[in-house]
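The sequence and structure come first.

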Amino acid sequence: MLSNRHILILSTAVLLLANAATEQGAALAQSIPSLKDAFKKDFGIGTALNNAQIEERDPQTTAFIARQFNMATPENIMKSALIHPKWDTYNFEMADKLVEFGKKHNIKINGHTLIWHSQLPPFIRGIHSADSIRAFFTDHIKTVAGRYDGKVLSWDVVNEALNEDGTMRKSVFLQYLGEDFVTEAFRLAQQAAPKTELYYNDYNNEQPAKRAGCIALLKKVKDAGVRIDGVGIQGHWHLGKVPLKDIEESINQYAALGLKVMFTELDIEVLPRNFQGADVGQRMTANEQSNPYTAALPDSVQQQLAADYEALFKLFLKHKDKITRVTFWGVNDGDSWLNNWPIRGRTSYPLLFDRNNQPKPAFERVIALKK
């Protein structure tokens with residue numbers, strides 16, 4: 001039987017080993033080249049942050065984020081369900097912490113998102129009057145955008161208002177407020193946040209049909225004399241199928257409107273999927289083939305991912321005069337929403353860093369473009 005003294009010695013030894021491993025990991029993370037430094041003359045490099053990262057629960061992760069990224073978007077905490085949970089109640093605690101995180105680590109914050117048909121507060125389902133929806137819409141934009149004016153760099157004012165064919169999505173806002181709700185959202189945001197850049201954000205809006213609808217929507221806002229500063233192409237793409245030609249045409253066409261172009265939620269799906277896009281309402285049924293890489297990514301897939309990211313960043317660099325930001329949707333593979341969508345519990349590998357914040361071949365290829 002171990003004595004108390006032996007237990008103490010063993011505990012101390014385990015603690016020392018753990019600390020040594022932590023320090024070694026931190027030193028390794030600091031020795032990796034920095035994305036934000038590599039591309040500092042080209043465009044901002046961003047990431048999506050979750051609650052644990054915003055609250056700095058792991059100092060190693062915080063140091064890693066501060067070294068790699070100079071821009072950040074909250075993954076969830078500024079969506080209306082969380083920041084405006086009841087009709088007359090706002091919860092700014094986490095959003096305030098995010099702003100402080102940005103200030104402390106010299107990271108510019110993109111607010112995400114003021115108006116979106118998804119992740120709405122539950123009370124919206126009980127509203128069946130245009131006046132009440134308009135009151136929510138107006139108060140929400142004025143209150144949230146107003147609170148963070150000058151504290152965040154930008155807002156995704158409206159998110160995902162379009163169908164794949166470029167028509168307006170049937171949302172509660174379209175139903176009760178009509179097609180001008182997008183213009184009205186930007187008008188209210190412009191009044192509430194004069195010191196903040198205002199963006200429209202969507203997925204697949206590099207595809208020709210949706211792009212045409214997006215351009216018509218952006219022109220409508222501009223023609224109304226309302227300020228809109230940029231357009232976000234989310235960039236949720238698939239391994240071996242990144243639509244480079246469509247992306248390039250979109251960069252040129254959006255920039256021709258006098259708008260900044262940014263890639264706002266970049267990841268490359270390596271797992272099987274039977275549909276395109278990023279509609280959170282869509283789901284797939286799990287089967288034997290749906291989660292093929294539980295242990296590790298095969299080298300052939302790893303190399304294809306690296307080639308896709310290299311081709312993308314070559315294109316971004318070619319148009320760096322038009323692109324202001326490239327934001328990855330997550331810090332590392334373990335943070336990615338694709339582990340749980342469109343099937344829960346999958347092991348996904350869509351980003352540049354693995355689950356231990358170690359660089360993947362894709363990272364090496366992207367960084368090599370700047371050497």
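The largest cavity is lined by Ile115, Trp116, His117, Val158, Asn159, Glu160, Ala161, Arg169, Ser171, Phe173 and Phe181. The model is predicted: local features need pLDDT of at least 70, side-chain atom pairs count only at pLDDT 80 or more, and totals for chains, interfaces and linings use all residues. Residues are numbered from 1 along each chain as its sequence is written, and side-chain values use heavy atoms, with hydrogens and water left out.

**Cavity and pocket**

The volume of the largest cavity is about 40 Å³. On a 1 Å grid over the protein atoms alone, a cavity is a set of points where a 1.4 Å probe fits but cannot get out, whereas a pocket is an open set with protein on both sides within 12 Å along at least five of seven lines; lining residues have an atom within 4 Å of a point. Grid points are joined across faces, edges and corners, and a volume is the space filled by probe spheres set on the points. One cavity of 30 Å³ or more is found in the whole structure.

Strand 3 (108-116) and strand 4 (154-159) each give at least two residues to the lining of the largest cavity. Strands (E, at least two residues) and helices (H or I, at least four) are DSSP runs numbered from the N terminus. By class, this lining holds six nonpolar, three polar and two charged residues. Here Ala, Val, Leu, Ile, Met, Phe, Trp, Tyr, Cys and Pro count as nonpolar, Asp, Glu, Lys and Arg as charged, and the others, Gly among them, as polar.

The largest pocket holds about 400 Å³ of space. Its lining has 20 residues, and Asn76, Lys79, Gln119, Val280 and Trp337 lie nearest the centre. Six of the lining residues are nonpolar, eight polar and six charged.

**Aromatic contacts**

The whole structure has 19 aromatic pairs. Rings of Phe, Tyr and Trp (its six-membered ring) pair if their centres lie within 6.5 Å; planes under 30 degrees apart count as stacked, over 60 as edge-to-face and the rest as tilted. Two edge-to-face pairs are listed below.

| Pair | Centre to centre | Angle between planes |
|---|---|---|
| Phe123 and Phe136 | 5.7 Å | 75° |
| Phe275 and Trp341 | 5.7 Å | 80° |

Phe123, in the loop between strand 3 and helix 7 (130-147), is 13 residues from Phe136, in helix 7. Phe136 is buried, at 2% relative accessibility; buried means under 20% relative accessible area, exposed over 50%, partly exposed in between (1.4 Å probe, protein chains only).

Phe275 is in the loop between strand 8 (260-269) and helix 12 (299-318) and Trp341 in the loop between strand 9 (323-328) and helix 13 (361-368), so this pair joins parts 66 residues apart in sequence. Phe275 and Trp341 are both buried.

Ring pairs also join Phe39, Phe43, Trp237, Phe263, Tyr309, Phe313, Phe316 and Phe328 into a cluster.

Lys210 lies over the face of Tyr203, 3.8 Å from the ring centre, and the charged end of Arg355 sits over the ring of Tyr349, 5.2 Å from its centre. A charge sits over a ring if NZ of Lys or CZ of Arg is within 6 Å of the ring centre and within 35 degrees of the ring normal.

**Two single residues**

The UniProt annotation "active site", from an unreviewed entry, covers Glu265. UniProt positions are given in the numbering used here, feature names are shortened, and annotations may be inferred rather than shown by experiment. Glu265 is in strand 8 and is buried, with a relative accessible area of 6%.

Thr167 is in the loop between strand 4 and helix 8 (172-177). Thr167 is partly exposed, at 38% relative accessibility. Its C-alpha atom is 9.5 Å from that of Leu217, 50 residues apart along the chain.
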